Amino acid sequence: MAGTQPKSRFSKVMEIFLWLAGLGVLAENIFLFQQNRHLSEALAPQITAGTQLQMLSGVALDGRLELMTLPPADSKLLIITFSPGCPACQANQDGWMRLASKLEQKGVRVLWVSRDPIEITRDYCTKHGIRLSDTLADPPYRTFAQLGLARVPNTLLVGANGTVEKVWAGRLDQAGWNTMFAYFGERQETASTLRSQVGANPTGCGSELSETSVKSCK
């Protein structure tokens with residue numbers, strides 16, 4: 001009996017060692033997977049002005065495959081590409097919502113295209129007040145590639161016959177938002193203006209935009 005106790009302890013020690021070794025290998029594999037994903041996203045094509053979009057499609061949040069209607073000659077379409085887990089997308093969210101509100105008043109359709117599956121996208125849209133009827137998720141590969149969805153966020157204006165007129169890539173700082181709003185003939189409120197409005201109105205809303213460099217979410 002006494003001789004079996006050291007063997008039992010040794011077996012337990014070996015079992016713990018093997019578990020730790022397995023966890024180490026798993027952690028290394030996860031790290032390599034993330035590293036490879038970041039590298040592939042960095043090398044992925046970035047959509048640019050002048051790109052001619054073809055027939056695009058995505059999954060509506062009720063599960064149906066839906067074709068994107070490209071704008072006719074007398075209208076435009078704003079497409080916002082995002083990923084719910086992307087920090088740069090989350091940083092752009094307040095500015096996107098203000099821009100979408102102003103453009104929709106002018107009759108410009110705003111379409112949100114998520115690279116993530118339906119459930120994740122629905123939760124994000126519900127949290128941020130994005131209309132589910134204006135959102136597509138997890139698009140087929142051809143659409144994914146055309147819109148450069150490996151590198152989000154992007155804000156792109158599509159003109160007649162699906163020609164991309166303008167692209168604002170990555171996370172936008174205050175100057176970037178000012179440039180974008182000015183492009184549409186709108187005035188973007190500065191952080192100081194927002195602070196004064198909140199102070200003057202006890203029920204004020206909105207949040208300040210942090211001043212950061214434009215960069216892609218990876």
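Helices here are DSSP runs of H or I with at least four residues, strands are E runs of at least two, and both are numbered from the N terminus. By that scheme, H3 is followed by Gly129, whose phi is positive, near 75°.

A word on the source: this is a predicted model, in which local features need pLDDT of at least 70 and side-chain atom pairs count only at pLDDT 80 or more, while totals for chains, interfaces and linings use all residues. Residues are numbered from 1 along each chain as its sequence is written, and side-chain values use heavy atoms, with hydrogens and water left out.

**The core**

Let's start inside. A nonpolar core is a set of buried Ala, Val, Leu, Ile, Met, Phe, Trp, Tyr and Cys residues joined through side-chain atoms within 4.5 Å. Buried stands for under 20% relative accessible area, exposed for over 50%, and partly exposed for anything in between (1.4 Å probe, protein chains only). The largest such core here has 40 residues, and those with the most contacts inside it are Leu53, Leu78, Ile79, Trp112, Leu147, Leu156 and Phe184. Two or more residues come from each of strands S3 (77–82), S4 (109–114), S6 (154–158) and S7 (164–169), and from each of helices H2 (87–105), H3 (118–128) and H5 (174–183). H2 gives the largest share, 6 residues.

Taking contact as heavy atoms within 4.5 Å, and leaving aside neighbours within four places in sequence, Leu78 touches Leu99, Leu103, Val108, Arg109, Val110, Leu111, Thr155, Leu156, Leu157 and Phe184.

**Helix H3, inside and out**

Thr121, Tyr124 and Cys125 of H3 are buried. They cover an arc of only 95° around the axis (taken from the directions from the helix axis to the C-beta atoms), so they sit on the same side of H3. The buried residues of H3 pack against S3, H2, S4 and strand S5 (135–137). The face turned away from that buried side carries the exposed residues Asp123, Thr126 and Lys127.

Cys125 has a relative accessible area of 1%, and Cys89, also buried, has 0%. With a disulfide taken as a pair of cysteine sulfur atoms within 2.5 Å, the count comes to 0.

**Charged pairs**

Side chains of opposite charge can pair when their charged atoms come close. A salt bridge is counted when a side-chain nitrogen of Lys or Arg lies within 4 Å of a carboxyl oxygen of Asp or Glu, and the whole structure has 8 of them.

| Residue | Partner | N to O distance |
|---|---|---|
| Arg64 | Asp62 | 2.7 Å |
| Lys106 | Glu186 | 3.0 Å |
| Arg122 | Glu119 | 2.8 Å |

Glu186 lies in the loop between H5 and helix H6 (191–200) and Lys106 in the loop between H2 and S4, so this pair ties together parts that are 80 residues apart in sequence. Lys106 is partly exposed at 46% relative accessible area.

Glu119 and Arg122, by contrast, both lie in H3, 3 residues apart, about one turn of the helix. Arg122 is partly exposed, at 23%.

Asp62 is exposed at 52%, and Arg64 is partly exposed at 45%. Together with Glu66, these two residues are linked in a network of salt bridges.

**One more arginine**

Arg142 is found in helix H4 (residues 141–146) and counts as exposed, at 53% relative accessibility. Arg142 and Ser57 are 85 residues apart in sequence, yet their C-alpha atoms are 8.6 Å apart in space.
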